[in-house]
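Please consider the model shown below. The paragraphs that follow lead through a selection of its elements and residues.

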Amino acid sequence: MADPDVKRLPIFQVDAFTDKPFAGNPAAVCLLEDVDLTDEHQQKIAAEMNLSETAYLRKLNSDDDFSSSSKFGLRWFTPTNEVALCGHATLASAATLFYMMKNPSPQLTFQTLSGDLFARREGDFISLDLPENKTQPLDREPYSQLLKALVGMTPIRDFQYCRSVGGDLLVRLTDDATRQTLESLRPDTVAMLAAQTQDIIRGVIVTVKGSLENGCVDNQGVMYDFISRYFAPWNGIAEDPVTGSAHTVLASYWAKELGKTEFYARQCSARGGDLKVRLREDRRVDVAGKATVVLQGMIRI
């Protein structure tokens with residue numbers, strides 16, 4: 001017999017920034033329907049799903065519908081806490097509405113802690129319209145132990161900080177670094193946590209300038225403008241597979257360094273993912289990728 005006190009909510013798992021299952025960055029997407037979950041319940045579900053992010057889509061008005069409305073509320077939780085911005089879970093949310101709920105809207109608007117975000121269809125891609133997040137140079141000395149735990153003795157060319165995205169450090173390796181150099185890094189996340197205990201860091205981006213000579217090419221031999229990895233043990237994420245929000249930081253940084261505004265990028269985690277990134281004149285960033293829904297069901301609470 002069904003328990004009338006048990007609530008059931010639609011939930012999906014989506015692999016973002018990939019067109020293949022079991023690649024890219026997985027996120028859970030929960031449709032709140034007419035249920036208003038407490039923050040505690042949302043955090044518990046995110047811990048249960050144990051993915052880097054669980055997204056919660058909510059209706060803004062009583063007559064809204066996930067299959068036809070174009071504006072929703074959106075929040076993101078890691079297994080340990082709520083975050084102010086998450087690109088891949090936003091892409092996963094848009095994919096859930098477009099592909100699973102058959103929402104015909106050409107563009108979706110999400111009300112979030114980072115303001116209104118937009119997702120639109122672009123052929124086989126979904127393009128996210130996100131805010132630019134600028135970096136500023138930072139003195140390395142106070143972070144020497146953190147950097148040692150992160151990259152060991154690998155030479156660093158640049159070290160910057162972005163406050164607006166919630167606190168991201170950006171570490172650029174020297175230009176003689178290769179894709180293999182980046183992929184071979186084995187950060188000591190326990191030592192990273194011990195080295196930085198202040199609540200000012202969301203995560204750390206490690207990036208390398210792309211070239212044909214250093215192996216920064218895709219399977220068709222097309223060169224990536226830059227590659228990166230992202231580590232966020234302060235949010236319970238040793239390494240994030242593909243981080244859309246980090247590319248709002250990377251777009252701002254590499255636009256200055258490369259003198260261009262459109263980029264083809266790769267995040268070089270074990271799962272990995274490709275992104276098309278564009279810094280617009282209005283200081284917004286388009287981050288485009290594909291997405292694949294791999295799981296759908298109901299969660300009991």
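In which helix does Glu257 lie? Glu257 belongs to helix H6, which spans residues 246-258; helices (H or I, at least four residues) and strands (E, at least two) are DSSP runs, numbered from the N terminus. The model is a predicted one, in which local features need pLDDT of at least 70 and side-chain atom pairs count only at pLDDT 80 or more, while totals for chains, interfaces and linings use all residues. Residues are numbered from 1 along each chain as its sequence is written, and side-chain values use heavy atoms, with hydrogens and water left out.

Glu257 has a relative accessibility of 37% and therefore counts as partly exposed; the scale calls a residue buried under 20% relative accessible area, exposed over 50%, and partly exposed in between, with a 1.4 Å probe and protein chains only. The side chain of Glu257 makes a polar contact of 2.8 Å with that of Arg172. Such a contact is a pair of N or O atoms within 3.5 Å; within protein, one must be able to donate a hydrogen and the other to accept it, and residues adjacent in sequence count only if both atoms are side-chain atoms. Between Glu257 and Arg284, which are 27 residues apart along the chain, the C-alpha separation is 18 Å.

Attention now turns to a set of paired strands. Strand S17 comprises residues 284-289 and pairs with S8 in the antiparallel sense over six bridges, where pairing requires that DSSP find at least two bridges between two strands. Within this pairing, Val287 of S17 is the bridge partner of Leu128. S8 is also joined to strand S7 (residues 115-122), by five bridges and again in an antiparallel arrangement. Here Ser127 in S8 stands opposite Arg120. S7 and S8 form a hairpin with two residues between them, and Gly123 in the turn has a positive phi of about 65 degrees.

Why is strand S8 described as largely enclosed by the rest of the structure? The description applies because six of the seven residues of S8 (residues 125-131) are buried.

Phe17 has a phi near 65 degrees and is placed in the loop between strand S1 (8-16) and strand S2 (25-31). Phe22, with a phi near 70 degrees, lies in the loop between S1 and S2 as well. Are these residues buried or exposed? Phe17, at 2% relative accessibility, counts as buried, whereas Phe22, at 67%, counts as exposed.
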